[in-house]
Amino acid sequence: MKAHAAEAALDYAESGMILGLGSGSTAEIFIDRLGKALKAGLLSDIRGVPTSSMTERAAQAAGVPLIPADQASRIDLTVDGADEVDGRFRLIKGGGGCLLREKIIAHASDRMIVVIDETKLVETLGAFPLPVEVDPFAFTITAKKVFDALRASGAPRADVALRRRGDGPAPFVTDGGHFILDCECGELPNPEDTARRLAAIPGVMEHGLFIGLARTVIVGEEDGAEVLEI
Ligand SMILES: O=C(CO)[C@H](O)[C@H](O)COP(=O)(O)O
């Protein structure tokens, strides 16, 4: 299903484009197919801006030319995955721990296409634990503020847990040197309000609610892909 979505997204890539390359398994399938299209001469003069070190490695392996993010003056199109998508194309992202860089690149792009399998479509966001990227400094204070913000915005619960690296005790550290708080919230009654409250906390670098960024969602199904637009 993920491959069907990723392959359908290739139709939107055009020669000469600067592409934001998202992170995660679905984005990596897109990168693989993009590399194949470049090798086959179906596309040319594409340059990718990776949203994580994992994506950078995947793009190098696929033969997709890259430019560092700080040298990209514009981004035509970003293709990225998501952990949840609701009917208004509000997203939860950050399952892979790359949400700050993913949001910087999505926000800078003329267009964002989200590639998901059909299990990611939800009526209400919140079954997937909301990732919040925080500065390690005083992160327990920030975690308490995150708890308060989630409860104040009507989340039925707010179990805030520091993400660990694998099964060990060491914290997971993002490419930017931050920690991730995974927040089990239950269904979020007002994601915009949740996003506003989280963004107002000084130690929060970014949260995993992506609102107003995606215009196209490609949903991979068993036998193809459906393109949804708003
Ligand atoms: O937000 C992300 C990484 O931070 C990913 O896009 C999200 O977790 C979806 O991943 P996958 O395509 O592997 O299901």
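**Chat about the model**

Colleague: Let's start with helix 6; what covers its buried residues?
Modeller: The cover includes strand 7 (130-134), helix 5 (139-152), strand 10 (204-207) and strand 11 (209-210). Helices (H or I, at least four residues) and strands (E, at least two) are DSSP runs, numbered from the N terminus. Numbering of residues starts from 1 along each chain as its sequence is written. Mind that this is a predicted model: local features need pLDDT of at least 70, side-chain atom pairs count only at pLDDT 80 or more, and totals for chains, interfaces and linings use all residues.

Colleague: Which residues of helix 6 are buried?
Modeller: Within residues 191-199, they are Pro191, Thr194, Ala195, Arg197 and Leu198. Buried is when 20 or more other C-beta atoms lie within 10 Å of a residue's own, with C-beta atoms placed from the backbone.

Colleague: And where do they sit around the axis?
Modeller: On the same side of helix 6, because they cover an arc of only 165 degrees around the axis. That arc is taken from the directions from the helix axis to the C-beta atoms.

Colleague: OK, switching to the ligand. How many residues surround it, and which are the closest?
Modeller: 18 residues surround the ligand, and the closest are Gly24, Thr26, Gly81, Gly95 and Gly96.

Colleague: How does the shell divide by residue type?
Modeller: Into 4 nonpolar, 10 polar and 4 charged. Ala, Val, Leu, Ile, Met, Phe, Trp, Tyr, Cys and Pro count as nonpolar, Asp, Glu, Lys and Arg as charged, and the others, Gly among them, as polar.

Colleague: Zooming out, what domains does the chain have?
Modeller: Domain 1 is 1-122 + 212-224 and domain 2 is 130-205; the bounds come from an automatic or database domain assignment. Their centres, taken over C-alpha atoms, are separated by 25 Å.

Colleague: How many residues are in contact between the two?
Modeller: 11 residues of domain 1 are in contact with 12 residues of domain 2, contact being C-beta atoms, placed from the backbone, within 7 Å. On the domain 1 side, helix 4 gives the largest share, 3 residues.

Colleague: Last one: how many helices and strands in the protein chain?
Modeller: 6 helices and 13 strands. Buried residues make up 48% of the 230 residues.

Definitions and conventions: Buried ≥ 20, exposed ≤ 12 C-beta atoms within 10 Å, placed from the backbone. Near = placed C-beta within 6 Å.
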